[in-house]
Amino acid sequence: MTVRMRLVALVVMATVVVMGVCAEASAAGGRLNNAERQVIKLINVQRQKHGVAPLRISRALCRAAERHSIDMRRRQYFGHSSLNGASIAARAVAGGYRRSGCSAWRVGEVIGWGSGPHRTPAAQVRAWMRSSTHRAVLLSPAWRHVGVGRVTGSFCGVARTAIYTVDVGLRR
């Protein structure tokens, strides 16, 4: 391999690495991708069907949700508490969902993952709606705000999975 070919290969590899880091950092910055927007839309459709006000997007909760989904994929675990012990409340505050200046502050969370046909936003929201616990969280009129984080990749030995975190909150 010539020096020029090695240099081109190095530049291509560096570009791929930077693109991957930028995509993950962008998601963790609180911006929604199409699948995440679809999750919110589907949740709000269910809320409307049940006479509950729609949730408004919170960039802070999006950051918290995205970071949790990324952490679960990276460290290969599935749970509401991070491996370092951080709760949803701690992650929400770290994401910028502040308690200060509020007479009421609450957060909740649903998580899920799937592969194949179960990795789509529609499949995930259907699964949550079939679970009485998840359904109660998503349809609670107490919540005003929502953030969604969805990441894809290999998870727990299963290729092509989608890992979802939905954080809901109330600040008033």
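**Helix 5 and its packing partners**

Helix 5 has these buried residues: Pro121, Ala123, Gln124, Val125, Trp128 and Met129. They pack against helix 2, strand 2 (105-115), helix 6 (132-139) and strand 4 (158-171). The model is predicted.

**Helix 2 against helix 5**

- Helix 2 spans residues 34-49 and helix 5 spans residues 121-130.
- Their axes come within 9 Å and cross at roughly 35 degrees.
- The crossing of the two helices is right-handed.
- Helix 2 makes the contact through Ala35, Gln38, Val39, Leu42, Ile43 and Gln46.
- Helix 5 contributes Pro121, Ala122, Val125, Trp128 and Met129 to the contact.
- By class, 9 of the contact residues are nonpolar and 2 are polar.
- No charged residues take part in this contact.
- An α-helix has 3.6 residues a turn, so residues three or four places apart point the same way.

**The chain as a whole**

- The chain holds 6 helices and 4 strands.
- From the N terminus on, the order of elements is α-α-β-α-α-β-α-α-β-β.
- Of the 172 residues in the chain, 44% are buried.
- Among contacts with a separation of 6 or more, 71% join residues 24 or more positions apart.

Methods. Residues numbered from 1 in each chain as written. Predicted model: local features only at pLDDT ≥ 70, side-chain atom pairs only at ≥ 80, totals over all residues. Heavy atoms only, no water. Axes fitted to C-alpha atoms, helices over the stretch in contact; angles between N-to-C directions. Left-handed = near helix turned anticlockwise from the far one by under 90°. Contact = heavy atoms within 4.5 Å. Nonpolar A, V, L, I, M, F, W, Y, C, P; charged D, E, K, R; others polar. Buried < 20%, exposed > 50% of the residue type's maximum accessible area, 1.4 Å probe, protein only.
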